[in-house]
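Hi,

Here is the structure I promised to pass on. Have a look first, and my notes follow below.

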Amino acid sequence: MFLSTSHNKIDSKSRISIPAAYRLKLEKNNEQLILFKSLQFKCIEGTSDNRMKSYMNAIDELDALSDEAFVLRMMMADSFEMKFDASGRVIIPEMLMDFSGLKDKAVFMGIGESFYIWSPEEYKNQYQKSQK
């Protein structure tokens, strides 16, 4: 599972180190990292390719013309298969950087089968909302 919260820097080439525990979870299960626009928040969601396959299977169970199926298809279209460099970093695609408002820092928030990558400002806003 992806758990806990961590803060990491983003370099000028949009590279960021994925938390070691998250990388180890993927490596242990021989899974690939997928990043995509969150359907709920202004952040990036990360998950394994196996979890992404479960989303694809969900599309097959929905009415092909339903709004829900369309939303999941759009999520697939905005998804990226990521490759780690030797230092455990990935390059976040520009489209995802723009969507999430990421600049030079990011907050990783594990939520079980996936995790969020927030801009520090958006994370702070969402965290404060959750404490009311």
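Keep in mind that this is a predicted model. Its 6 strands make up an open sheet, ordered 1-7-8-4-3-5, with antiparallel pairing. At the edges you will find strand 1 (5-9) and strand 5 (79-82); each has a single partner strand, so one side of each has no neighbour in the sheet. From one strand to the next, the twist averages 25°.

Leu 35, for instance, has Phe 80 in strand 5 as its bridge partner.

Now the helices. Helix 1 (residues 20-28) lies across strand 3, strand 4 (44-48), strand 7 (105-110) and strand 8 (114-118), and its angle to strand 7 is about 55°. Which residues of helix 1 are buried? They are Tyr 22, Arg 23, Lys 25 and Leu 26. These four sit on the same side of helix 1, because the arc they cover around the axis is only 160°. Their cover includes strand 2 (15-17), along with strand 3, strand 4, strand 7 and strand 8. On the face turned away from that buried side, helix 1 carries Ala 21, Leu 24, Glu 27 and Lys 28, which are exposed. After helix 1 comes Asn 30, with a positive phi near 55°, in case you want to look at the backbone there.

Helix 2 (residues 49-61) has 13 residues and spans 19 Å from first C-alpha to last, close to the 18 Å expected at 1.5 Å a residue. Its buried residues are Asp 49, Met 52, Tyr 55 and Ile 59. Looking down the axis of helix 2, you see them fall within an arc of 105°, so they line one face. Among the elements covering the buried residues of helix 2 are strand 3, strand 4, helix 3 (67-77) and strand 5. Asp 60 and Glu 61 are exposed on the face of helix 2 turned away from its buried side.

Is Ser 100 buried or exposed? Its relative accessibility is 1%, so Ser 100 counts as buried. Beyond its neighbours within four places in sequence, Ser 100 is in contact with Lys 42, Cys 43, Ile 44 and Ser 119.

Cheers

Key: Residues numbered from 1 in each chain as written. Predicted model: local features only at pLDDT ≥ 70, side-chain atom pairs only at ≥ 80, totals over all residues. Heavy atoms only, no water. Pairing = 2+ DSSP bridges. Helix = DSSP H or I, 4+ residues; strand = E, 2+ residues; numbered from the N terminus. Axes fitted to C-alpha atoms, helices over the stretch in contact; angles between N-to-C directions. Contact = heavy atoms within 4.5 Å. Buried < 20%, exposed > 50% of the residue type's maximum accessible area, 1.4 Å probe, protein only. Arc of directions from axis to C-beta. Expected span 1.5 Å × (residues − 1).
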